[in-house]
Each structure stands twice: as C-alpha cells, then as structure tokens.
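This report describes selected packing features of one protein chain. The sequence and the model are shown below.

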Amino acid sequence: MIDWQSLQRQFREGVLPSEDEALSLADFGDTPALAALAGELRDRHHRNVITYSRKVFIPLTHLCRDVCHYCTFARTPKKIDSPFMSVDEVLALCRQGALMGCQEALFTLGEKPERRYNAARRALEDMGYASTLDYVRDIAARVLEETGLLPHINAGCMDAEEIARLRPVSASMGIMLESASPRLCEKGMPHYGSPDKNPAVRLQTMELAGQAAVPFTSGILIGIGETRRERIESLLALREVHARHGHLQEIIVQNFRAKPGTRMALAPEPDLDDLLWTIAVARLVFGGVMNIQAPPNLSPGVLSQLVAAGINDWGGVSPLTPDHVNPEAPWPHLDQLAQETAVAGKFLEQRLTIYPAYAADSDRWLDPALRTAVLRQMDGDGFARRDQWVPGSNEPVPDAETRLLQRDPDTAGISPELRGIVTRCRATGELSESDVARLFEVRGDEFSWLVRQADRLRRETCGERVSYVVNRNINYTNVCYFKCQFCAFSKGKASENLRGRPYDISGEEIARRCREAWHRGATEVCMQGGIHPDYTGQTYLDILQTVRSATPGMHIHAFSPLEVWQGAATLGLELEDFLRQLRDAGLNTLPGTAAEVLHDEVRERLCPDKLNSAEWLQVMEVAHRVGLRSTATIMYGHIDHPRHWARHLLSIRELQRRTGGFTEFVPLPFVHMEAPMYLKGLSRRGPSFRESVLMHAVARLVFHGLIDNIQVSWVKMGAEGILACLDAGANDLGGTLMNESITRAAGAGHGQEWNPAQMEQQIIALGREPCQRTTLYAPVSPDQRATTRATAPLASLENAGAGRRQRGKRLLQVVAEPVCFVAESDLYDQVVLMAACN
C-alpha cells in the first residue's frame, strides 16, 4: 500500500523515490494528485518557462532493418524514390529553415539499412560511403559549416567508435528507449523482428553515450502493450544510466498513435488520463530538474493539461517540415503554441537542441568543433538567441522583447520568491548571489513585471529627468602590453589584423583636444588608454598637468584602476600615495572601467594578466578614501553567465555601502564584431537584447538606496536600445563623447558623438525632461548650457604613430583657456537634480 502523504513530503524535499517507491506508483491511480505534485516540482526548477527547439526535420533515409509494428516512417526500397536524401536536398532544406529562424537540424534515419537492403548498400557505395553513419556524419558536418544549424542525430544503436565519430558534428544525439520490457520483443508484440529494439542494446548505446559525454535524448512510448509497472521500470532504467553520467538532457513521454497500414492500425490509443498519469510519474521519478517533454502535435486541444501534469518542454517544432514519424499530426503553429502555453500560465521560450545547462558547460559536453557554433547561438543562460540584434549594430530591437516591455502582467502570476527578492531590493536589504542571479533569469511575464518594478524605482528616485554630460573622450594611446581577449582597441604584436595602427599622442595634441572640447561646451574630459610599455606613473601625472594647464576649469575624469595600479607600481608607490599625487595634480574622478566582470573565474579567461577582482575593488576603495569619486561598470555578454553578474553587482554594492564613492553604474554590453576572442570563436555575440535591458533593470533594483544613477550607453545600445533601457530603470545617457573610439574599434556603428541636441531629442521623444549635468550630477550653469548649443565641427584628430618610447605628455608651452563658469568644488557633495535643472 502506497504511503502517499509520506511520498509527497519526500518529493518536496527533493529526494527521489527508491525503486520500490517508484514502482508503488503503478497502483496509485489518482492522476490529479500526481499531476499537482509534479507541476509543483517542475515549477521549483523551471519556473514559468516551457521550452521548444525550432528545427528542420531531415528524414535522411526511410529505410530501416527493423519492422516495428506501429511505424510508418520505415519503408521498403520499392516504396521510396531514393534510398537517401542527397546532400543538396538536405542543405537546401536547412538553408530555408535557417531563414525561418530554425537552429536545429534533426537527422532521423532508420537503423543501419545497409545490413538489410542491397539498395541501401549500392546507394552508399555510389556516394563513396561504407555505411549510413559515415554518410550522416559528413552531411551533418556540411549542415553545421554551411548553414549554422546545430545537428541532432537520431542514428539508433551505436558502439563507442560510432558515437565518437558523430560527436564532433552533433550537438546532441538521441535514441528512444520506448520500453525496457523484453516482453514487447516477443512474437506477437510490437518489437518482434526488430533486433535494435532489444532494451539491453538500446540502454548500452545510452551508456556509451554517457561515457563519451554526449548530451542525449531518450524517452518512452506509451500505449504499445506495456503495463504501467513496465513504464516505471523503463523510467528507472533511464534514471540509472543518467545517474552514472548525467547526460540525459530530456525524457520524452510520447503517446502511441495508431496509423493506417500498420499491424497496430486498430490498436487502442492511450487516453488522456493515461498520458497525464505517465507524465506526472516521469516527473516524480526524475525530480524537478530533469526536462520532461511531450510532443504537442500528438495531443491537440489539451496542451494546458500536459503542462499541468509536469512537462517543461514541447520538443522540436518546425515551421517548415512535417513530423515525418507522425505525418498525420501536423505541428501547431508557433504563435498558437505560444498562446496555448500562455493559457497554461507559462512562457514559451526557444532553446537549442542542446539544453541550457549543457550548453553553459560546453567544455564538458561539447566537442571543440561545436563550441563556437553553440556559443554564437546561445544567450548567457544557454537558451537560444531568437533574433539578430547585437550591441553596436543597427539591427532593429526584437519585436518579442518590445511586446514584453509593453506588458503589465498581473502580480498574482509572479512567483512569491521573485516578489520577495524585489521587496528586499526596495528596502536595500540583504541579497545573496542566488537572489541576484534569479533576477537575471526572468522571462516572459516575470521579465515584464521586473522591468516595471525597476522603472518604478527610477521614477521614485530620479523623477522624469534624464541627464547627460557634455564631454570628450581622449584615448591617448592604443598600444597595450596586456592581452585582454575582448579588446579590439589595443594594438600589440598579435593585433595587426585589427582596425587602425598603433598611435601615441603628444601632450600638445591632448591640450588641443581639451581646448576644442572646452570651446564646444564640454565640462569633462574622459581620458583612458592602453598600457604602453614605456608609460609610468609620471606619464599620468604629466597628462594631468597638461589638461589642467590648458583648461583649468575642466573636470578631469581619467585613468582606469588598471592604469592607477600600473602607475603606482612603476613609481614604487603605495596605491594611496599615488592616488593622492593624482588628486593633487588635478584628477577629479576615476572611470570605473577595467572591471569587466568581477569574478575571477571569468577574468582568468577574459583578461588573465589584468587586475583580479580584489585588486580592482582595492583601487576603488582607496580612491574613495582619498576623496576621489568614481563610476562603476560591467562589461558583459561574452563568456559570462548570470551567476557571474550577480557576484559583480554585489561586490560593487558592498563597496558602496562602505564608501559611498560610486556616482553611477554603467552597463557596457560586449560588442563582438572585431573582438579577438569572438574572431577566434571563443565568445558569444554579446548579450541578447533581453539581457541588455535586464542589466539596467537589475542594477536599478540591486543598487537602490546606494547608487542612484544608472547609465545607458548610446554607443552600444543605439537609439532604440536606450529608449528601452530608460523605461527599465536607467536615468542617464552618459556623455556626448565627441571622439568615441574604443567601441567603434570593436565594430559598433552608432557614431562617435551625440551632440546635446541629439541627446535632448531622444529624451523628449520618450516624454521625459532632458537635463545637462556635470560629472558629479550637478546641473550646469545657464551660461555653460548656452555654450554647448553653438558647437563648431570637430577638427581632424592627429594620432601620431607609436614607437618603443612614449611621446611626451607634458605641455611645454601653456596656453590656458579662461574659466568662465564655476567648477565643481566638493568631490563628495553630489548635487541632486532638482528644479534648477531646466
């Protein structure tokens, strides 16, 4: 007799049932109770998301040596035009699918047809192949290389050597167990005469796939003569092999559909209750983490009930090709599938053929030949990128995210866990890394709701004003001996193929640019550069002397923590002593760049010779201690994931609690186009649009009560992107820049300057109030504001070629611009933007 109450407690505690406990469920027929518990377990791990893979179904051959009594996929040579699809046919189909947004190429084929049919052997010989698997390997490689679709190969039973040959061209593989019962292979049963349906042989293939670290798909077929106990035995057999290797990325529960022309044409199909019971039991046997799938085309009209029973995946759905295994059951239209999923209270999200957890751990689960292809199609969570938008590009923002940003979902549908985290954010309460990572993982209505919460905090904190500063970027050299893998700006021995030539500008050119900026109304110069091998701490002191001499009233916002660290080291000074020297020489504030991602797991690959996380934070803490305020940044969307972002934000948050020295937080989405690591196939294509919006929203929430200003980069996000971020918690557009070069070197196409008129046009278009500010967020004087409205065109830059020795940075002949407005005086006296900013 089953102790249902005890089992419920056990399941809720995350303990999987023992074999006996699982088998006892065979006699428990309360499907609603099973489904309710299964749905609860699913929601704990998969939350509000139901996934699918957008695929092209490729029936490479319909020939098969097996004769399953329910199958219409397998045919004899006389009933087909050709034993195999040609390479050209497959590639044409995949190219068409790629244009329709497909990312998976599902190869389905019969089991080793050459062992049964001469026609198959002759066709393979004519093409130069010894086996079907040789052919599928080569054609999958062509599909991967020429179309970008990720192959998933269902090649049937294989040995270790065959699996190893397919692994470099297949992001995932699969074989349905169908049933672990040998009884179904006996005479008169559906698998009689099908040697490859021997459960032991199929399980051995799964065992070998696990040993080879292949992300694998399997499942059971219900309603072909098995008992409920045998279904559970099949699930337990799958669970056992998965426990050894962790490679089963999904379990399919497929319901038998009787097909005319087969021996089982008149066999009864499982009813809905039987299907729901089996789905729920599969969830309970495997627990909340496993992906449980049910094909939507086999159960039209009842999809919400399948969701309620515990599934979290619909499997592959094609907008192009039919389900060749079940041709009588057309795929639902993807819009219809999204609507029916929403009716069930869930959000339909696209995944790759390799599931997110496996894609995010590609070093373990993917052959090196596949890692680049997967990286370029995934987001930071491992889900599919559903559009072509990337930071720095002119691609329109995605319609799907635009619709989500416009939604105002009912709070009742938002999980209590998520609401609790946001409540703690509003109270500036304690947050864990898992809390912040959870904020980055929202999708669907949770995404819409979270963005609205962030924007509400923005209104409460900053009102409707959107600020910007008139400034000029001066990058004095692009020579750098550090080897940051993301940087397309620096020039060194291995960067000849990147944009531009090495340069190192003189003190006179720095002074000229400062004077020109001053005449154009700039209140700030932002200065950073590469780490030239000949630069020392004195170089930075000389730069300050030059700027301060040429433009005494200019706010100098300069030197990354890396430059400060290196400058101090070259002079043999402690950080605090060097920072005091910089301050006394005229430095006003520090940019918070070189942070990238403050998680050393990322930095070890991204910038291994750069400051580590603790050192970056140390520079900032000491700077704040000597009276220098700074910004904080994150450069994200490359090899990082939400847990890394969470650590970064909390590190900044904790330091701000101690010092109060950060004036703003600036998310900098990775621009990939010319980045070395992307060109080597080692990174993603920058963050998705969803992730970019979320970074601003989550920053607003996490930093509430500590950092009031969240800036959006027009250089990286573009006009449409900044409007979205200003509705998601951001309140500042940063600087007009005049000469932006670092992001443009990476391939961005949003220009090198937005003048004040452009800034204000964007702000007014959103219905907000523009406000020109200083670096420390004080409103500029009316006279200074008037100066910015009469700007002359910029003169051409003079980037003198770099040599082994640096060019002098000290200005020898001083021609200073008069100070015609009051500069900021107290570095820690941040003026709130109020009515005076009109």
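Is the crossing of H16 and H19 left-handed or right-handed? The crossing of these two helices is right-handed. The model is a predicted one, and every value in this report is computed from it.

**Helix packing**

Helix H16 spans residues 399–406 and helix H19 spans residues 445–462. Their axes lie 8 Å apart and meet at an angle of about 55 degrees. On the H16 side, the contact is formed by Glu401, Leu404, Leu405 and Gln406. These residues meet Phe447, Ser448, Val451 and Arg452 of H19.

A second pair consists of H20 and H21, with an angle of about 40 degrees and axes 9 Å apart. H20 and H21 are therefore also described as oblique to each other. H20 passes H21 in a right-handed crossing.

| Helix pair | Angle between axes | Distance between axes |
|---|---|---|
| H16 and H19 | about 55 degrees | 8 Å |
| H20 and H21 | about 40 degrees | 9 Å |

Helix H21 also holds Asp542. With a relative accessible area of 15%, Asp542 is buried, because the limit for that class is under 20%. When residues up to four places away in sequence are not counted, Asp542 touches Lys809 and Arg810.

**Aromatic pairs and charges over rings**

The structure holds 13 aromatic pairs. One of them joins Tyr476 and Tyr535, whose ring centres are 6.2 Å apart. The planes of these two rings stand at 45 degrees, so the pair is classed as tilted. The pair links distant parts of the chain, as Tyr476 and Tyr535 are 59 residues apart. Tyr476 belongs to the loop between strand E11 (471–475) and helix H20 (507–519). Tyr535 belongs to the loop between strand E12 (524–528) and helix H21 (537–550).

Tyr476 counts as buried because its relative accessibility is 0%. Tyr535, at 1% relative accessibility, counts as buried too. Tyr535 takes part in a further aromatic pair with Tyr540, which is edge-to-face. In that pair the centres are 6.1 Å apart and the planes are at 85 degrees. Tyr540 is buried, as is Tyr535. Which residues make up the cluster that contains Tyr476? One aromatic cluster is formed by Tyr476, Tyr535, Tyr540 and Phe559.

Arg228 lies over the face of Trp277, at 4.1 Å from the ring centre. Likewise, the charged end of Arg773 sits over the ring of Tyr777, 3.9 Å from its centre.

**Contacts across the sequence**

Strand E11 contains Asn471. Asn471 counts as buried because its relative accessibility is 4%. How far apart in space are Asn471 and Leu737, C-alpha to C-alpha? The distance is 5.2 Å, although 266 residues separate Asn471 and Leu737 in sequence. Neighbours within four places in sequence set aside, Asn471 is in contact with Ala522, Glu524, Cys526, Gly735, Thr736, Leu737 and Met738.

Val87 has its place in helix H4 (residues 87–99). At 22% relative accessibility, Val87 counts as partly exposed. The C-alpha atoms of Val87 and Val136 are separated by 9.8 Å, and the two residues are 49 residues apart along the chain. With neighbours within four places in sequence left aside, the contacts of Val87 are Tyr135, Ile139 and Arg142.

**Backbone**

Most residues other than glycine have a negative phi. Against this background, two residues may be noted. Arg47 has a positive phi, near 55 degrees. Arg47 lies in the loop between helix H3 (31–46) and strand E1 (49–61), and its relative accessibility of 24% makes Arg47 partly exposed. Glu178 likewise has a positive phi, near 70 degrees. This residue is found in the loop between strand E4 (172–174) and helix H8 (199–211). At 11% relative accessibility, Glu178 counts as buried.

Notes: Residues are numbered from 1 along each chain as its sequence is written. This is a predicted model: local features need pLDDT of at least 70, side-chain atom pairs count only at pLDDT 80 or more; totals for chains, interfaces and linings use all residues. Side-chain values use heavy atoms; hydrogens and water are left out. Rings of Phe, Tyr and Trp (its six-membered ring) pair if their centres lie within 6.5 Å; planes under 30 degrees apart count as stacked, over 60 as edge-to-face and the rest as tilted. Helices (H or I, at least four residues) and strands (E, at least two) are DSSP runs, numbered from the N terminus. Buried means under 20% relative accessible area, exposed over 50%, partly exposed in between (1.4 Å probe, protein chains only). A charge sits over a ring if NZ of Lys or CZ of Arg is within 6 Å of the ring centre and within 35 degrees of the ring normal. Axes are lines fitted to C-alpha atoms, for helices over the stretch in contact, and angles run from 0 to 180 degrees between N-to-C directions. A crossing is left-handed if the near helix is turned anticlockwise from the far one by less than a right angle, and right-handed if clockwise. Contact means heavy atoms within 4.5 Å. Angles under 35 degrees count as roughly parallel, over 145 as roughly antiparallel, 65 to 115 as roughly perpendicular and the rest as oblique.
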